Every structure is written in C-alpha cells, then in structure tokens.
Amino acid sequence: MPLLIQNRGLDRISATAELFDKYPHLQENARTFRSKPLVDVDPKCLLYVQQREFAATTPTDNCVSVIGSDDATTCHLVVLRHTGSGAVCLAHCDGSSTWSEVPLLVKAVTSLSNISKEGRLELHLVGGFNDESKTSHKLSLNILAAFQKQKEDIHLETCCITEMNDVVVDGTHRPIVYGIGVNVKTGDVFPSSFTHKGPAEELRSARTFSGEQMADIYDSSQGLVKIGPCKWSPNLDIAFWLSQSDDTILKYLSTSPMAEPPHFVQHIKSTIRFLLEHPNSDSLFPGGQPQFYHRTERGDWEMVVQS
C-alpha cells in the first residue's frame, strides 16, 4: 500500500475514527499540532493559496519562503513534501474532484525532486471538523483513499482532520485550525491565518465561484503567479444574493454555515460584485493569455505587463 504510517501500509478504513483508534500516535500528533500558536507570516515572503488551488516550489526559491492557505472549514489543506529535495506543495481541497487532484499534487512535487535517491514523500493533512452533514468526514476518507492509489510511497505524518480538528463552542462544532503555512526552506508546517490573500484575490475567488477545477497557480522556475485564463459567462441572476441577509447567504452558499470565519459573507459578496463588474471573463485575459504576477523588490505582487 503506497500510503504508509510508521513505515507500514495503511489498511482500508471506513471511518476516520477507525484510523485514529488504530494509530494513536496520529491522535497525539494532531493534538500537538492544533495546540501550536498561530504563526504570523510576513506577506512579503508569502504565497497564498485559495480554495481549489495548489502551489509547489523548492527551498531555492528566492521569491517565496512560506506557502499558506486558510478559511478552511470542511475543506482540507494538504501539504506534500519530499524530504530529500525539499520540494513542497500546498493545496486547498474542497472535494470537488479529489481523485483527479491528488495525482496533480504528487506530480508537482516529484517533478521538482528529480526523484532524489535520498529522502521520501511526507504528507500532512489539516482541516475539516465534525460537521452535521459529514462533509468533512467524506472528504477525509476520499483524500486518504486517493493517496492510497498513488504508485509512490507516501508517508502520512500529520493528520489533524475531522474529529481531531473539532471543538464545540456555545453548542456549535467548529474547526480548531482554519489555516496553515509551510516553511519552504525547512518543511515546517504550522497553524496560521492570513490577511493578505493576493495577488488578484477577487479574480481567483471568481474562478472558483464559477466552478473551475483545481489550478496550479505558481511557476517556481520563474517566481511567477499564474492566473487563468478563466472562462465564465454573464450571469446577472447572481445579483440576487447581494440583497439577501447574511443568514441566507450562509445557509445556501456555505457547506458549514455555523462555522465560517466572520468575513465569509463579505468575501462572497465581493466575489459576486467582481463577477457582475466583469460579466465576460475574456476581457480580463487579452488574447486568451493568463495573468502573471511577479514579486517586486518591496515584496509586493505586481502584474507583469505582456508586451
């Protein structure tokens, strides 16, 4: 079995509780992980990954020191790293297409590793909670099963998912850890939250909102964030949501209405406004070309003007 725990193949499991019963050290690791304080990350060295995106790089990257993502409720944050090359990938998985996404993550890391003779692939999973509809639980099992199917040996190191990432606050289940970062130089994975979610935060949110698949957003060889080209059609019906109450938006547009971070509704509304302001995606991608962003000397992401 290609998914290994303490160097032994993981048997087929039908529930996350079964996994944690069978491997108590994973419980202990999860407790240790979720009790770590949030690390404050300097935006000037951060590459932020949104929902249904992934990014991979190596320790030689001069533009990015930390890859991070947050706002995960039922979503899972996946870090895969090769200990020999240091190549690392972080993905924000929402269950839209887990079986086709996991091979992309494995390929992203192995292609940057030249399959170093030394070292191994290590997996860190964080996210989900004990939500009523069991969305987190299903996603946990699907991600584990998808990694099981890979031909490479992959060692599960951190598994802070679903019931091990759950806390009850005022009678409501919530995740303990909503966001993580991974230090590209050291491979250290830590809880975090981020205020800077760029570049092109609204465009990238619009891409996901309009139903596009998992996207690789970073070219580590050039230090470029690449967005699109995306495809959506005018849809004036979505303006309806702008006049709805916060409760209505949470009820219909969230997988976990009671557990969302406080800025969720504002984020949804700004994404809808962006889609209404740009009813045709073609205008954002002249000549059908992606948007590229590079890091300036000041540490900001700046759009590269195509000649």
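Which residue with a positive phi follows helix 5? We will meet that residue in the first view, after a word on the model. This is a predicted model, in which local features need pLDDT of at least 70, side-chain atom pairs count only at pLDDT 80 or more, and totals for chains, interfaces and linings use all residues. Residues are numbered from 1 along each chain as its sequence is written, and side-chain values use heavy atoms, with hydrogens and water left out.

**View A. Helix 5 and its surroundings.** The residue after helix 5 is G211, with a phi near 95°. Helices (DSSP runs of H or I, at least four residues) and strands (runs of E, at least two) are numbered from the N terminus. Within helix 5 (residues 201-209), the buried residues are L203, R204, S205, A206, R207 and T208; buried means under 20% relative accessible area, exposed over 50%, and partly exposed in between, with a 1.4 Å probe and protein chains only. Their cover, judged by contact (heavy atoms within 4.5 Å), includes strand 3 (46-48), strand 4 (53-57), strand 14 (215-216), strand 16 (224-227), helix 7 (264-277) and strand 17 (291-295).

View B. A salt bridge is a side-chain nitrogen of Lys or Arg within 4 Å of a carboxyl oxygen of Asp or Glu. E157 is partly exposed at 25% relative accessible area, and R120 is partly exposed too, at 27%.

View C. The structure holds 11 salt bridges. One of them joins K151 to E152, with 3.3 Å between the closest N and O atoms; K151 is exposed at 75% relative accessibility. Another links D300 and R298 at 3.1 Å. Of that pair, D300 is partly exposed at 35%, whereas R298 is exposed at 54%.

**View D. Two nonpolar cores.** A nonpolar core is a set of buried Ala, Val, Leu, Ile, Met, Phe, Trp, Tyr and Cys residues joined through side-chain atoms within 4.5 Å. The largest one has 78 residues, and L19, I67, V78, L123, F147, L156 and I180 touch the most other members. A second, separate core of 7 residues has C45, L46, V66 and F194 among them.
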